[in-house]
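Here is a friendly walk through a model you can turn around on your own screen. Have a look at the picture, then read on.

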Amino acid sequence: MGKLVVRIVENGHPYKINCDEHTPVESVQKLLESISGIPFKDQLLFCFGSKLESHSHLSAYKLPSEEEEVFLFNKSRMRINSPPPTPENVKIAVIPINPPLSPPSSSHGPHPNLDDTSDPALKALPSYETQFRNHLQSGSAIYRRTLAMFEICERLLQEQEAQERALDVAKGNLDHFYKMVCQNYTEFMKCYSQQDCSHRKFLVDFGREKEKLRSIKIMPLLQNANRKCLLDFVDEENLQKVWEECSSSHGRFEKKVLELKTEFGDLNGQVQDLFSCKTSNFIKDVELSVKEHRRFMDEQKSIMQALSEDVNTVKKLLEDYISRQVSPSPILPHNAFSALGPTYNTHEKDYLPKMRACDSAISTLLDLCTDKKNESNLYVHNYMQKIARMQYIIKDLRYKFSVFSEALKHQNEQFHQLKILHGVGPAYMACLAEVERRKTATKMYMENAEKLSEKLARERDFEIRRRDEFVKVHSTFIPPDILASMGLYNSLNPCYVNVAPLPGGSTTLAVTDTTILQNDAETKIEALINEVSKFERESEINRNLLDRLRSCATSADFADSLRVLAQSLVRAGEESNEDSTFKLRECIEIIADKVGALSRQCEDLEENRDLVNTLCTKNQLENQVAVYMLKCHLTLLQVVEIGMKYADSDQKISDFGIVFVF
């Protein structure tokens with residue numbers, strides 16, 4: 001068993017319901033109807049941005065959960081004619097600021113009579129005890145009232161924050177359906193734009209297409225009394241009626257689509273304005289004010305602690321005096337009594353005025369929080385009405401998109417006859433092209449058949465000769481009747497390849513109508529001529545460029561030549577406005593810069609060649625001297641080793657002209 005927290009969106013009030021994951025949503029709604037007064041049919045429950053369906057269980061939404069809350073939207077409050085919310089009724093229990101004094105809590109009963117004592121401070125001790133208790137009770141009353149007001153302020157702030165979260169859920173739900181309708185709109189407008197362009201072309205080219213078909217005569221072999229030209233392939237009178245109906249339907253549908261565009265544009269603007277609204281501004285103001293006023297509560301707590309300590313002090317003094325009267329003991333120090341007067345003044349002039357000032361500040365905060373909460377309730381009320389209106393418009397638009405899509409299909413079917421008019425010419429041209437293709441294919445087929453016949457005849461002759469030679473060789477050894485029984489005297493039957501002529505004879509294949517092909521042929525020839533001209537220009541440019549690059553390569557100053565070539569390409573690019581020329585010029589300039597840098601490095605190397613040669617020679621000589629010195633040292637070490645061998649015999653060695661004495 002867990003607790004399900006349900007927030008009423010219109011005022012942010014929470015309700016905690018005991019339930020478990022197996023509890024039906026319908027049961028929760030019925031319980032909410034009894035405790036909140038919102039009818040079952042007007043309830044909309046949302047959690048995690050999803051709507052809670054009545055026929056489902058809470059487990060389907062991973063509820064109840066301590067971390068998630070459910071928001072209850074009242075559909076009746078979201079209607080346009082619903083009244084605004086009533087102001088918040090903040091009730092504070094009446095707490096008397098000056099409550100009646102409670103009897104003294106001394107263990108020795110009522111205050112003793114201290115009129116006979118000579119010490120005035122001691123005489124005033126019961127009065128101080130009474131006044132201090134009065135101060136403590138007054139401060140406690142003020143503190144309880146202030147605490148109650150501050151808790152109400154915190155509750156109002158929490159309710160406003162809950163309303164802000166509820167609006168985020170509502171905006172998320174609206175955004176979901178808005179994206180769906182945006183997708184529907186985009187898909188519809190894409191299909192409509194393509195179809196509108198095609199249909200508009202059919203309507204505009206209708207007269208021209210009719211005259212074009214009327215001017216194209218069909219082949220004499222296909223002509224009869226009712227068919228002389230391509231226009232006779234269709235019912236011209238009926239086609240004119242279809243064109244008029246299509247033109248009228250296209251205009252009406254275009255106006256409807258413009259209205260749909262306007263409606264969607266208005267919806268888009270309203271949704272964007274709705275999403276740009278923020279409720280966090282006045283919520284932040286209230287939150288900041290509550291945090292700032294928390295110090296007043298801390299100050300009251302410290303004052304209450306001081307008042308309680310003072311009451312305990314005077315009570316202890318009184319009890320100590322009474323105990324000394326019962327059993328004589330040393331007299332109490334006088335300074336303990338003398339400090340009660342300043343303490344009383346501190347209560348009257350400092351503590352209690354501060355308590356009342358804190359109470360007044362919290363009361364002002366409560367007024368602010370109440371006003372802001374009423375503003376929040378009214379804002380949520382108006383905001384939810386706007387969202388409901390947007391939802392209605394979105395629902396209506398989605399229905400219209402389905403209707404418009406059907407109208408789009410119907411209009412496409414209506415334009416089918418006009419499409420036939422535009423397809424007659426290409427279809428007739430395709431038929432003529434197919435006739436020519438079949439003629440060529442038949443010719444190739446007949447040629448292949450003739451070649452096959454000749455090949456089979458050659459193979460038959462070869463086979464007959466081979467059989468005759470076989471019988472001639474083996475008939476000497478095998479009786480003829482045996483060879484005949486084995487079928488070795490059988491001959492190979494000839495194979496004849498016969499291709500039947502086409503129906504209608506060759507006249508059908510020989511006739512072509514050049515009129516229908518003329519426009520298409522001219523267009524293709526013109527495009528081909530443009531391509532050839534462009535290719536020739538590019539080839540000429542490439543040849544000129546290659547020649548100039550060759551001249552640059554043979555020039556003495558290669559870098560300067562490349563720069564001159566780049567500048568000429570700049571002028572050529574300005575005249576031709578070709579992007580490739582500018583790109584080529586940039587590449588040549590880069591090459592020229594790099595070649596110039598390399599040339600300068602080569603010149604520097606030429607200037608330093610003598611110095612480099614001298615350094616190389618010096619380095620070689622130094623290496624030779626080092627090698628010679630190394631050899632001398634090695635030789636000297638060998639002589640020393642030989643001398644060490646004869647050191648024990650005190651011999652003198654002069655083998656190398658050097659005397660060593662050991």
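## The sheet and its helix

Strand 3 and strand 4 pair in the antiparallel sense, over 2 bridges. Within this pairing, Phe-46 has Lys-51 of strand 4 as its bridge partner. Please keep in mind as you read that this is a predicted model.

The two strands belong to an open sheet of 5 strands with mixed pairing, in the order 2-1-5-3-4. Strand 2 (14-19) and strand 4 (50-51) are the edge strands; each has a single partner strand, so one side of each has no neighbour in the sheet. Helix 1 (residues 25-36) packs on the sheet and touches strand 1 (2-8), strand 2, strand 3 and strand 5. The direction of helix 1 makes about 120 degrees with that of strand 3.

## The nonpolar cores

Which residues have the most contacts inside the largest nonpolar core? They are Phe-73, Val-181, Phe-188, Leu-267, Met-384 and Leu-397, in a core of 35 residues. Strand 3 (43-47), strand 5 (70-74), helix 3, helix 5 (236-276) and helix 8 (340-414) each give two or more residues to this core.

Leaving aside residues up to four places away in sequence, Val-181 touches Phe-264, Leu-267, Ile-394, Leu-397, Arg-398 and Phe-401. There is also a second, separate core, with 24 residues, including Val-290, Phe-296, Leu-365 and Leu-366.

## Salt bridges

How many salt bridges does the structure hold? The count is 28. One of them joins the side chains of Glu-154 and Arg-294, at 3.0 Å from N to O. Glu-154 sits in helix 3 (residues 125-204) and Arg-294 in helix 6 (residues 280-326), so this pair ties together parts that are 140 residues apart in sequence. With a relative accessibility of 23%, Glu-154 is partly exposed; Arg-294, at 37%, is partly exposed too.

Another salt bridge brings together Asp-205 and Lys-201, at 3.1 Å from N to O. Asp-205 has a relative accessible area of 12%, so it counts as buried, the cut-off for buried being under 20%. Arg-438 forms a salt bridge with Glu-434, with the closest N and O atoms 2.9 Å apart. Both of these residues, Arg-438 and Glu-434, lie in helix 9 (residues 416-474), 4 residues apart, which is about one turn of the helix. Glu-434 is partly exposed, at 27% relative accessibility. Elsewhere, salt bridges with shared partners link Glu-88, Arg-155, Glu-159 and Lys-373 into one network.

Terms used: Residues are numbered from 1 along each chain as its sequence is written. This is a predicted model: local features need pLDDT of at least 70, side-chain atom pairs count only at pLDDT 80 or more; totals for chains, interfaces and linings use all residues. Side-chain values use heavy atoms; hydrogens and water are left out. A salt bridge is a side-chain nitrogen of Lys or Arg within 4 Å of a carboxyl oxygen of Asp or Glu. Buried means under 20% relative accessible area, exposed over 50%, partly exposed in between (1.4 Å probe, protein chains only). A nonpolar core is a set of buried Ala, Val, Leu, Ile, Met, Phe, Trp, Tyr and Cys residues joined through side-chain atoms within 4.5 Å. Contact means heavy atoms within 4.5 Å. Two strands pair if DSSP finds at least two bridges between them. Axes are lines fitted to C-alpha atoms, for helices over the stretch in contact, and angles run from 0 to 180 degrees between N-to-C directions.
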